[in-house]
Amino acid sequence: MAWRTAVLAALGKRQLRAISRGAIAAVSLGIFFALAPIASAQQAHIEKWTGNASAGKDLFRRFCIGCHGKDGDGNGENAPYVDPKPRDFTLGIYKCRSTPTGSLPLDSDLFHTIGRGVDTTAMPSWNPLTKQQRADLVAYIKTFSPRFRDEKPDAPIKMPPETSDTPDSRKRGEVLYQTTLKCVQCHGEAGKGNGPAATTLRDDKDNPITPYNFTALNRFKCGDTNEDLYRIFMTGLDGTPMPSFADYVTPDQAWDLVHYLRTLQVNYSAKGSPRAHKATAEAALDKVR
């Protein structure tokens with residue numbers, strides 16, 4: 001009987017060890033899966049570049065902290081003197097995206113914003129940085145908001161080929177601007193940013209915000225091409241009063257609106273147009289003189 005007791009005791013210890021090993025494995029897996037989103041939030045992936053948040057932190061402290069602050073909340077020492085105010089990264093809300101309204105941006109969206117800068121704001125182009133450095137900055141910026149840990153960006157909106165820029169297209173775009181979508185309420189009848197609602201507009205942090213003036217500028221906050229302007233219509237500029245029109249216009253109508261708005265930009269010259277060739281020739285002459 002004594003041997004039976006000893007065997008049972010040994011089996012009990014063996015089972016206990018097995019259970020313990022199983023429990024440890026389960027806990028380890030639980031920790032792994034819990035930390036996996038955090039680990040992914042420490043990186044950024046743009047084409048062949050993988051950004052690392054640790055490297056991005058040093059870059060942020062050198063180039064970005066003055067406006068965006070050490071906590072990424074837009075409260076840097078320069079913030080009181082900047083209008084519009086620096087982006088608050090803790091909210092995880094971004095204007096320039098290829099993803100639908102309400103979604104996080106893609107890593108590539110943040111990457112291109114850093115490189116391009118944001119026109120009409122104090123955010124300059126950081127193209128002098130290498131692509132690896134910009135990817136590292138993206139990775140670090142993502143650490144400020146838990147959204148990047150808990151959510152994934154939606155798929156980018158589809159970009160159909162541009163329709164022909166014809167007088168009929170521009171006329172249809174004018175109707176959309178002036179009547180259907182009531183863009184005049186903010187941007188004004190002539191696109192000068194002086195519509196009846198212009199002085200009442202606020203951003204997501206209740207700061208005053210000015211509508212875009214098409215007559216004075218050629219480059220938008222999120223780019224300067226027709227494709228960039230189309231994308232703005234369909235994604236909206238989150239954090240601002242500019243909504244997405246994806247549910248209200250067809251792709252062809254969005255291109256019509258692009259074509260009409262280009263006519264409001266008095267200094268705009270489409271590539272390949274006689275006006276563009278003239279501007280290029282004049283610029284070349286200026287360099288010779």
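## Reading salt bridges, burial and cores

Me: Which residue does Asp-150 form a salt bridge with, and how far apart are the closest N and O atoms?

Reply: Asp-150 forms a salt bridge with Arg-149, and the closest N and O atoms are 3.3 Å apart. The general idea is that side chains of opposite charge can pair when their charged atoms come close. The rule here asks for a side-chain nitrogen of Lys or Arg within 4 Å of a carboxyl oxygen of Asp or Glu. Before we go on, note that this is a predicted model, in which local features need pLDDT of at least 70 and side-chain atom pairs count only at pLDDT 80 or more, while totals for chains, interfaces and linings use all residues. Residues are numbered from 1 along each chain as its sequence is written, and side-chain values use heavy atoms, with hydrogens and water left out.

Me: Where do Asp-119 and Arg-219 lie?

Reply: The side chains of Asp-119 and Arg-219 meet in a salt bridge, with 3.7 Å from N to O. Asp-119 lies in the loop between H4 and helix H5 (131-142), and Arg-219 in the loop between helix H8 (184-187) and helix H9 (226-235), so the pair ties together parts 100 residues apart in sequence. Both residues count as partly exposed, Asp-119 at 24% and Arg-219 at 25%.

Me: Which residues is Arg-116 in contact with, leaving aside its neighbours within four places in sequence?

Reply: Contact means heavy atoms within 4.5 Å. With those neighbours set aside, Arg-116 is in contact with Cys-96, Ser-125, Arg-219, Lys-221, Cys-222 and Gly-223. Arg-116 lies in helix H4 (residues 107-116) and is partly exposed at 23% relative accessibility. Its C-alpha atom is separated by 8.1 Å from that of Cys-222, 106 residues away along the chain.

Me: What does Ser-145 touch, not counting residues up to four places away in sequence?

Reply: Ser-145 touches Phe-89, Thr-90, Leu-91 and Gly-92. Ser-145 sits in the loop between H5 and helix H6 (147-150), and at 4% relative accessibility counts as buried.

Me: How many residues does the largest nonpolar core have?

Reply: A nonpolar core is a set of buried Ala, Val, Leu, Ile, Met, Phe, Trp, Tyr and Cys residues joined through side-chain atoms within 4.5 Å. The largest has 26 residues, and those with the most contacts inside it include Tyr-177, Phe-233 and Val-249. H7, H9 and H10 are the elements that give two or more residues to this core, and H10 gives the most, with seven. Apart from this core lies another, of 22 residues, among them Phe-89, Ala-135, Ala-139 and Phe-144.

Conventions:
Helices (H or I, at least four residues) and strands (E, at least two) are DSSP runs, numbered from the N terminus. Buried means under 20% relative accessible area, exposed over 50%, partly exposed in between (1.4 Å probe, protein chains only).
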